[in-house]
Amino acid sequence: MAKIGIYGSSFDPITNVHLWTASTVAHRCRLDRVIFLPCSSKRPDKSLHASDEHRWNMIQLAIDGNDKFVADDYEMKQAGWEIATYLTLKHYKEAFPDDDIYFIMGADLLVDIGEGKWKKSEELIQENKFIVMARDGINMLAAISKSPILRNADDGQTFHLIDKGLAMEISSTYIRDEFQRGGEPRYLVPDNCYAYMCQHKLYR
């Protein structure tokens with residue numbers, strides 16, 4: 001039985017922090033594989049800046065050489081208004097029925113789910129396992145205890161909380177802003193991704 005982490009994000013662009021986070025989570029939680037899952041550009045709640053093709057190419061460049069990292073365009077190919085994390089995890093549990101599937105997310109998303117802001121929030125929490133990464137200013141235990149959705153599912157197996165050394169906050173937004181203002185975000189992204197962004201004049 002393998003342990004697989006599903007790591008969803010816009011990856012617009014993928015950053016060194018995404019890679020470092022995935023690597024740290026894989027090491028601490030003994031994951032055999034991390035699946036990088038770029039979101040659909042058709043989602044009504046997302047406004048993306050690079051095309052699906054460019055985002056996908058940069059992810060492939062970024063994870064090249066790490067045999068624990070793979071990318072999947074499953075959500076990219078879905079109709080944006082039909083996507084729900086609940087359905088995505090159902091897909092992976094059916095694709096890997098003999099493996100343990102974990103959804104990797106930040107503590108900010110845990111709060112949103114606990115407040116019922118996600119589609120099928122209760123079913124999502126009751127039927128799945130989560131690796132939750134610390135975010136500055138968010139008390140994860142308090143978030144769980146004050147949400148009926150979260151605390152009623154907390155059986156000691158549902159949430160794996162990582163609260164040490166994972167709150168680096170270099171965002172894709174910061175990198176896009178630096179590019180737009182003529183800045184130099186070179187060392188915040190993998191070298192081959194930086195070269196790709198320059199070649200295709202992304203985020204200018």
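**Close-up views of a predicted model**

**View 1. Ser 51 in its loop.** At 36% relative accessibility, Ser 51 counts as partly exposed, because that label covers everything between buried (under 20% relative accessible area) and exposed (over 50%), with a 1.4 Å probe and protein chains only. You'll find Ser 51 in the loop between S2 and H2. Those labels are DSSP runs numbered from the N terminus: helices are H or I with at least four residues, and strands are E with at least two. Now look across to Gly 156: its C-alpha atom and that of Ser 51 are separated by 40 Å, and the two residues are 105 apart along the chain.

A quick note on the model: it is predicted, so local features need pLDDT of at least 70 and side-chain atom pairs count only at pLDDT 80 or more, while totals for chains, interfaces and linings use all residues. Residues are numbered from 1 along each chain as its sequence is written, and side-chain values use heavy atoms, with hydrogens and water left out.

**View 2. Val 17 in helix H1.** Val 17 sits in H1, which covers residues 16–28. With 12% relative accessibility, Val 17 is classed as buried. Its C-alpha atom is 20 Å from that of Cys 198, a residue 181 positions away along the chain.

View 3. Rings of Phe, Tyr and Trp (its six-membered ring) pair if their centres lie within 6.5 Å; planes under 30 degrees apart are stacked, over 60 edge-to-face, and the rest tilted. That rule gives eleven aromatic pairs. Here Phe 36 and Phe 69 pair edge-to-face, 5.0 Å centre to centre with 65° between the planes. Phe 36 belongs to strand S2 (residues 33–38) and Phe 69 to strand S3 (residues 69–71), so this pair ties together parts 33 residues apart in sequence. Both Phe 36 and Phe 69 are buried. Ring pairs also link these two with Tyr 7 and Phe 11 in a cluster.

**View 4. Helix H2 against helix H9.** The axes of H2 (residues 52–63) and H9 (residues 191–199) come within 8 Å and cross at roughly 155°; axes are lines fitted to C-alpha atoms over the stretch in contact, with angles from 0 to 180 degrees between N-to-C directions. So H2 runs roughly antiparallel to H9, a label for angles over 145 degrees. Contact means heavy atoms within 4.5 Å. From H2, Glu 53, His 54, Asn 57, Met 58, Leu 61 and Ala 62 meet Asn 192, Cys 193, Tyr 196 and Met 197 of H9.

Notes
Parallel < 35°, antiparallel > 145°, perpendicular 65-115°, else oblique.
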